[in-house]
Amino acid sequence: MPSTTSRTSIRSAAWRISLWGTLAFAFGTMFVFIFLHSFVASDIERRSDSWLSGEVEVLGDVANRTPKDALYGTVVEEVAELAGKEVPLLYRESRSDDTVFFLQTGSDGGLKLWVGAGSGLSFVQAIRGLSIVPDQPTDLQVKGFGVPYRVASFVMNDGSTIYLGLSERDELRVLRQLRVRFISIWALLVLLGFSIEFFTTRRMLRPVREINEAASRIGHSDLTARVPTTPQNDEVGQLAGTLNRMLDRIESSVHQLHTITDSLAHDLRSPLTAIRGKLEMSLTGATEDERTEAIIGSIDELDRLTDFLNKSLDVAEARADALRLSPVAVDLDELLRVMVDLYEPSMSEKGISMWLRSTGPLYVEADAALLHRMAANLFDNELKHLRAGCTVRISLSDQAQAAMMVFEDDGPGFDAEVTPHLFEDRVRGKNSKGHGLGLAFIGAVARAHGGTVSAINRIGGGARIEVTLPAPEKKGVEAAEQTAIGSH
Amino acid sequence: MDGIDLILKLRSLGVRAPVLILSARRSVDDRVRGLEQGGDDYLTKPFALAELLARLRNLVRRNTPATAEATKLRVRDLELDLFRREATRAGQTLQLTPQEFVLLEYLCRNVGRVVTRSMILEEVWGMRIQPDTNVVDVHIYRLRGKVDGKGQEPLIRTMRGVGYAINDK
């Protein structure tokens with residue numbers, strides 16, 4: 001639709017930019033021209049004035065010296081006519097009979113001598129209505145002549161006055177020519193400048209329009225699309241690059257979210273089916289025991305499900321850096337001792353021996369609840385994966401900048417294929433019955449505290465998990481010790 | 001008006017009754033917010049009924065004037081000397097580790113009531129954790145081996161799917 005197109009182009013940035021640019025240019029040049037015009041006009045006037053003043057003086061001189069006899073009029077007229085032929089004109093074609101006039105009036109104001117077009121009476125009329133100062137050329141508008149005259153005067157000894165007039169036709173013509181030529185060239189320039197500016201800006205802004213179209217396409221449907229990039233590394237090119245990087249990030253986040261929801265749905269389906277089956281059994285069970293068993297089994301499944309959901313959310317929260325930490329001084333030595341005490345029966349029941357090596361109280365600034373859960377995950381991990389006869393060695397040491405917890409065992413170690421992805425969600429070994437969230441959670445908590453975690457297979461066999469947490473500054477340690485003493 | 005608004009409203013009206021928040025929101029932020037705005041305890045859904053009851057009892061106890069602490073706990077023929085940290089059953093001294101004593105004390109204080117595994121972890125080990133493994137069960141199993149000797153009537157009962165309880169009858 002043409003109307004829409006023209007309206008859009010009028011609203012476009014290219015249109016506005018070129019419009020304002022052209023306006024500024026047009027006004028600027030017009031201003032310069034006005035200045036130039038007035039300069040030229042005053043210069044022409046000055047030149048004709050100086051000619052008039054000089055000539056009228058010469059004529060006056062001649063008239064004064066010429067004896068006032070019968071030949072006086074002829075002589076003066078002759079001289080005036082000669083002078084009139086030497087008028088400095090810029091255009092030859094502006095010369096005509098009425099270009100110059102010479103007039104002598106008596107002391108009573110009556111016409112004495114006249115050289116020029118017509119009878120000269122209208123000139124006498126015009127001059128009477130004007131107060132002319134000698135030696136000061138003035139404009140004179142004469143009835144019957146469209147163009148004004150520039151008039152200089154000279155007062156003679158006998159009281160009569162000589163007037164010499166020059167038509168301003170030549171000057172006006174020069175100025176008009178100047179104006180016409182300027183205006184036409186100016187209009188041409190403005191038009192040309194506007195179109196050049198308009199099309200250049202439009203060209204430069206075309207990538208922006210394309211980016212806009214692509215972005216709206218992406219916004220509506222297709223997240224895999226990208227905005228077009230330009231080879232130039234200008235602002236627009238950089239914008240396209242930034243947008244594309246942002247889209248990459250968004251796409252990968254959305255993809256990640258899809259994966260998580262998919263696997264979450266998948267992980268929920270099996271226990272939900274199991275619970276449903278067990279509850280159905282509780283309705284149809286033959287004996288009281290069977291029915292009770294089914295209900296208890298359902299509760300167990302539900303507990304596991306809740307636990308799994310909580311862990312998934314914990315990991316997601318930690319991953320998104322949304323964990324709100326309320327750090328307090330936590331003694332890692334004490335924490336590990338309590339944990340060892342808690343897990344020792346289970347370990348020995350399974351035939352696993354456990355050793356803790358620690359050099360004494362070691363404080364870190366950390367969120368106690370998260371640290372507890374992280375430690376429980378580490379112990380659970382060992383308990384779940386070790387066979388009878390294995391040994392777990394736990395050591396706590398004070399490194400220069402950090403507290404380091406190491407869990408070493410001589411068990412089967414990590415599956416080679418999952419080793420590079422140990423700290424990602426839902427990565428589990430072939431024989432693991434877990435959800436694959438334990439190590440992901442450990443990693444997330446350590447990172448949330450500014451620590452690190454690494455897991456490797458030991459050379460002699462078995463796994464080694466290393467967690468470091470940054471040590472508080474010295475002042476913090478002293479404060480922590482005081483609290484610890486106070487609380488005991 | 002959400003639950004927190006309700007608490008604030010109640011508090012501004014001068015209601016001093018303890019408040020237990022039951023919520024499906026489980027993030028640390030929500031929990032901290034709930035407790036800061038005047039809630040006394042926070043329990044996330046889903047929860048075991050036994051745990052809800054235990055927490056309510058805790059709140060009520062916290063808000064009643066403390067009575068003189070008994071130095072002895074007695075459940076049938078089981079006797080706990082809280083001062084000397086010794087337990088006897090039918091006159092026989094039980095060889096308990098300090099941790100086992102605390103666990104038995106906690107069960108006896110809640111005599112006739114079910115305690116869940118997470119309650120045991122919180123009260124005895126001071127941790128709000130949810131292990132994937134049966135650590136608590138193994139502790140109870142060991143304790144039971146010491147408390148319920150051969151020929152004696154079992155005191156510690158497993159409430160399957162819920163937790164454990166000591167019965168006084």
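**Helix packing in chain A**

In this predicted model, α5(A) and α6(A) cross in a left-handed sense. Helix α5 covers residues 169-220 of chain A and helix α6 covers residues 235-284 of chain A; the angle between them is about 15 degrees, and their axes are 10 Å apart. Because angles under 35 degrees count as roughly parallel, α5(A) and α6(A) are described as roughly parallel to each other. On the α5(A) side the contact is formed by P207(A), V208(A), I211(A), A215(A) and I218(A), and on the α6(A) side by V236(A), L239(A), A240(A), L243(A) and L247(A). By class, this contact of α5(A) with α6(A) contains ten nonpolar residues, with no polar and no charged ones.

A second pair consists of helix α9 (residues 368-385) of chain A and helix α10 (residues 438-448) of chain A, which pack at an angle of about 145 degrees with their axes 9 Å apart. The crossing of α9(A) with α10(A) is left-handed. Residues L370(A), M374(A), N377(A), L378(A), D380(A) and N381(A) of α9(A) meet G438(A), F441(A), I442(A) and V445(A) of α10(A). Six residues of the contact of α9(A) with α10(A) are nonpolar, three are polar and one is charged.

Helix α2 (residues 13-65) of chain A has 53 residues; at 1.5 Å a residue it should span 78 Å, and the distance of 78 Å between its end C-alpha atoms agrees. Buried residues in α2(A) include A14(A), S18(A) and T22(A), as well as S48(A), L52(A), E55(A), V56(A), L59(A), G60(A) and A63(A). Among the elements covering the buried residues of α2(A) are α3 (72-85), β1 (100-105), β4 (149-155), β5 (161-167) and α5 of chain A.

Conventions: Residues are numbered from 1 along each chain as its sequence is written. Chains are lettered from A and ligands numbered from 1 in the order in which they are written. This is a predicted model: local features need pLDDT of at least 70, side-chain atom pairs count only at pLDDT 80 or more; totals for chains, interfaces and linings use all residues. Axes are lines fitted to C-alpha atoms, for helices over the stretch in contact, and angles run from 0 to 180 degrees between N-to-C directions. Helices (H or I, at least four residues) and strands (E, at least two) are DSSP runs, numbered from the N terminus. A crossing is left-handed if the near helix is turned anticlockwise from the far one by less than a right angle, and right-handed if clockwise. Two residues are in contact if their C-beta atoms, placed from the backbone, lie within 7 Å. Ala, Val, Leu, Ile, Met, Phe, Trp, Tyr, Cys and Pro count as nonpolar, Asp, Glu, Lys and Arg as charged, and the others, Gly among them, as polar. Angles under 35 degrees count as roughly parallel, over 145 as roughly antiparallel, 65 to 115 as roughly perpendicular and the rest as oblique. The expected span of a helix is 1.5 Å times one less than its number of residues. A residue is buried if 20 or more other C-beta atoms lie within 10 Å of its own, exposed if 12 or fewer, and partly exposed in between; C-beta atoms are placed from the backbone.
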